[in-house]
Every structure is written in C-alpha cells, then in structure tokens.
Amino acid sequence: MEGIGEIFKAARQNSGWTVEDVAKKTKLTYAVIEAIESEDFSSLPSPTYVIGFIRNYAKLLGLNDKELVSSYLQ
C-alpha cells in the first residue's frame, strides 16, 4: 500500500498542479505541502494542525479525507 504522501503527490500530478498551485488554492505553505508529500510529519506542528492540513489538501484533490486522516493517525 502506498503511503499518504505518495497518494497526495500522485493525485496532485494527475491534476496537473504544481506545489505552488496547491499552495495558492489551499493557503498552505509550500513547505507544508512538501512535508506532507514526503511524509516528514515531524517538521510540521502538532497533529491537530496536520489533520487539518490533510483534510484541506485531500478535499482540494477530491480524495477521501477521512481515509487519509485515518492512515496518518496509524
């Protein structure tokens, strides 16, 4: 099974969006998006914020945010 970072990156690339495009659309920083896609969660703030970031990013890409949050929490 792919990690959530790979899922986000593949979905973003399939949408034809750059990290910069996603940053503008979600109001997340470039660094946050890069951290999510590389699964570098230790560089992000508390898990409460990360869950919000994941939900926001997933909804933009049309992904199942509940499944991705659940995967993150495991």
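Is Leu28 buried or exposed? In this predicted model, Leu28 has a relative accessible area of 8%. Buried means under 20%, so Leu28 counts as buried.

Where does this residue sit? Leu28 lies in the loop between helix 2 and helix 3. Leaving aside residues up to four places away in sequence, Leu28 touches Ala23, Ile33, Phe53, Asn56 and Tyr57. Leu61 lies 33 residues from Leu28 along the chain. The C-alpha atoms of Leu28 and Leu61 are separated by 14 Å.

Next comes helix 3, which spans residues 30-37. Its buried residues are Val32, Ile33, Ala35, Ile36 and Glu37. These buried residues pack against helix 1 (4-14), helix 2 (19-26) and helix 4. Just after helix 3, Glu39 takes a positive phi of about 55 degrees.

Now follow the chain to helix 4 and helix 5. Two packed helices are described by the angle between their axes and the distance between the axes. Helix 4 covers residues 47-61 and helix 5 covers residues 65-73. Their axes come within 9 Å and cross at roughly 145 degrees. The crossing of helix 4 with helix 5 is right-handed.

Which residues make this contact? Helix 4 brings Pro47, Val50, Ile51, Ile54, Arg55, Ala58 and Lys59. Helix 5 meets them with Asp65, Leu68, Val69, Tyr72 and Leu73. The residues of this contact divide into nine nonpolar, no polar and three charged. An α-helix has 3.6 residues a turn, so residues three or four places apart point the same way.

How values were computed: Residues are numbered from 1 along each chain as its sequence is written. This is a predicted model: local features need pLDDT of at least 70, side-chain atom pairs count only at pLDDT 80 or more; totals for chains, interfaces and linings use all residues. Side-chain values use heavy atoms; hydrogens and water are left out. Axes are lines fitted to C-alpha atoms, for helices over the stretch in contact, and angles run from 0 to 180 degrees between N-to-C directions. Helices (H or I, at least four residues) and strands (E, at least two) are DSSP runs, numbered from the N terminus. A crossing is left-handed if the near helix is turned anticlockwise from the far one by less than a right angle, and right-handed if clockwise. Contact means heavy atoms within 4.5 Å. Ala, Val, Leu, Ile, Met, Phe, Trp, Tyr, Cys and Pro count as nonpolar, Asp, Glu, Lys and Arg as charged, and the others, Gly among them, as polar. Buried means under 20% relative accessible area, exposed over 50%, partly exposed in between (1.4 Å probe, protein chains only).
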